[in-house]
Structure formats: C-alpha cells, structure tokens
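Here are my notes after a pass through this one.

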Amino acid sequence: MAWMQISRRMKLDEAKKYVAKKLGVDVLDLTNEEVMRRLREDLGIGIITSAAGSPKGIRAKIKIAELLEIPINSVTLFNSQLK
C-alpha cells in the first residue's frame with residue numbers, strides 16, 4: 001500500500017482497494033497471513049519468510065511492479081542495465 005500512497009498519492013483506503021483489486025482478493029484478505037502467503041507464492045511476488053525456490057529480491061520486485069502497474073526505481077534501473 002505504501003507504494004501506491006507514494007507513487008500515486010492515494011489515501012490508505014484507496015490504496016488498499018486498488019491493491020486488493022489487482023490481486024483479486026478482498027481488502028480484509030490483505031491482512032490474512034494464510035491467504036496472502038498462498039497468494040504471494042502463486043503470483044511469484046515473494047514471501048516474508050524465505051522458502052526454497054520462491055522469488056526473492058529483484059525477481060519479486062519485478063513481479064510486484066508488473067502486477068500493480070507501478071514503476072519501482074530498482075526495477076527500472078535493473079531493466080536499463082540489461083540492455
């Protein structure tokens with residue numbers, strides 16, 4: 001939600017609704033550890049505690065940027081260095 005508040009100047013409630021819609025869950029599910037862990041694993045956007053084979057670091061950030069349709073500076077820089 002913080003990315004949405006900063007990058008799109010959304011209020012917290014608006015940011016929660018936007019992220020929940022993009023993830024395909026209810027706003028209340030955003031605080032449900034079990035739901036979010038499964039969703040993060042399924043979408044490949046990284047999980048809070050490390051698990052073997054799950055996306056980490058820049059891989060997870062790239063997925064988050066794509067999913068939420070937002071620019072993330074480290075992702076932009078990474079992509080520019082690949083060219």
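The points below go from the overall fold to single residues.

1. First, a caveat: this is a predicted model. The protein chain contains 5 helices and 0 strands, and reading along the sequence gives the pattern α-α-α-α-α.

2. On dimensions, the C-alpha trace spans about 40 × 35 × 15 Å along its principal axes. Of the 83 residues in the protein chain, 29% are buried. If you take the contacts with a separation of 6 or more, residues 24 or more positions apart account for 24% of them.

3. Now the inside. In general, nonpolar side chains in soluble globular proteins tend to be buried together. Here the largest nonpolar core has 18 residues. Those with the most contacts inside this core are M4, V19, L23, V25 and L30. Which elements give two or more residues to the core? They are α2 (12-23), α3 and α4, and the largest share, 5 residues, comes from α2.

4. L23 deserves a click of its own, being on the list of core residues with the most contacts. Leave aside the neighbours within four places in sequence, and L23 is in contact with L30, M36, L39, L43, I45 and L67.

5. Next, helix α3, residues 33-43. At the start of α3, a side-chain oxygen of N32 comes to within 3.0 Å of the backbone nitrogen of E34. After α3 comes G44, with a positive phi near 70 degrees.

6. Then the packing of α4 against α5. Two packed helices are described by the angle between their axes and the distance between the axes. For α4 (residues 57-68) and α5 (residues 73-82), the axes come within 9 Å and cross at roughly 110 degrees. The contact is made by I58, K61 and I62 from α4, together with S74, V75 and F78 from α5. By class, that is 4 nonpolar, 1 polar and 1 charged residues. As a reminder, an α-helix has 3.6 residues a turn, so residues three or four places apart point the same way.

7. Is V75 buried or exposed? V75 has a relative accessible area of 6%, so it is buried, the cut-off being under 20%. Not counting residues up to four places away in sequence, V75 touches I58, K61 and I62. For a sense of distance across the chain, V75 and Q5 are 70 residues apart in sequence and 18 Å apart in space, C-alpha to C-alpha.

8. Last, two backbone angles to check. R9 is found in the loop between α1 (2-7) and α2; R9 has a positive phi of about 55 degrees although it is not a glycine. R9 counts as exposed because its relative accessibility is 75%, and exposed means over 50%. E69, in the loop between α4 and α5, also is not a glycine and has a positive phi of about 55 degrees.

How values were computed. Residues are numbered from 1 along each chain as its sequence is written. This is a predicted model: local features need pLDDT of at least 70, side-chain atom pairs count only at pLDDT 80 or more; totals for chains, interfaces and linings use all residues. Side-chain values use heavy atoms; hydrogens and water are left out. Axes are lines fitted to C-alpha atoms, for helices over the stretch in contact, and angles run from 0 to 180 degrees between N-to-C directions. Helices (H or I, at least four residues) and strands (E, at least two) are DSSP runs, numbered from the N terminus. Contact means heavy atoms within 4.5 Å. Ala, Val, Leu, Ile, Met, Phe, Trp, Tyr, Cys and Pro count as nonpolar, Asp, Glu, Lys and Arg as charged, and the others, Gly among them, as polar. A polar contact is a pair of N or O atoms within 3.5 Å; within protein, one must be able to donate a hydrogen and the other to accept it, and residues adjacent in sequence count only if both atoms are side-chain atoms. A nonpolar core is a set of buried Ala, Val, Leu, Ile, Met, Phe, Trp, Tyr and Cys residues joined through side-chain atoms within 4.5 Å. Buried means under 20% relative accessible area, exposed over 50%, partly exposed in between (1.4 Å probe, protein chains only).
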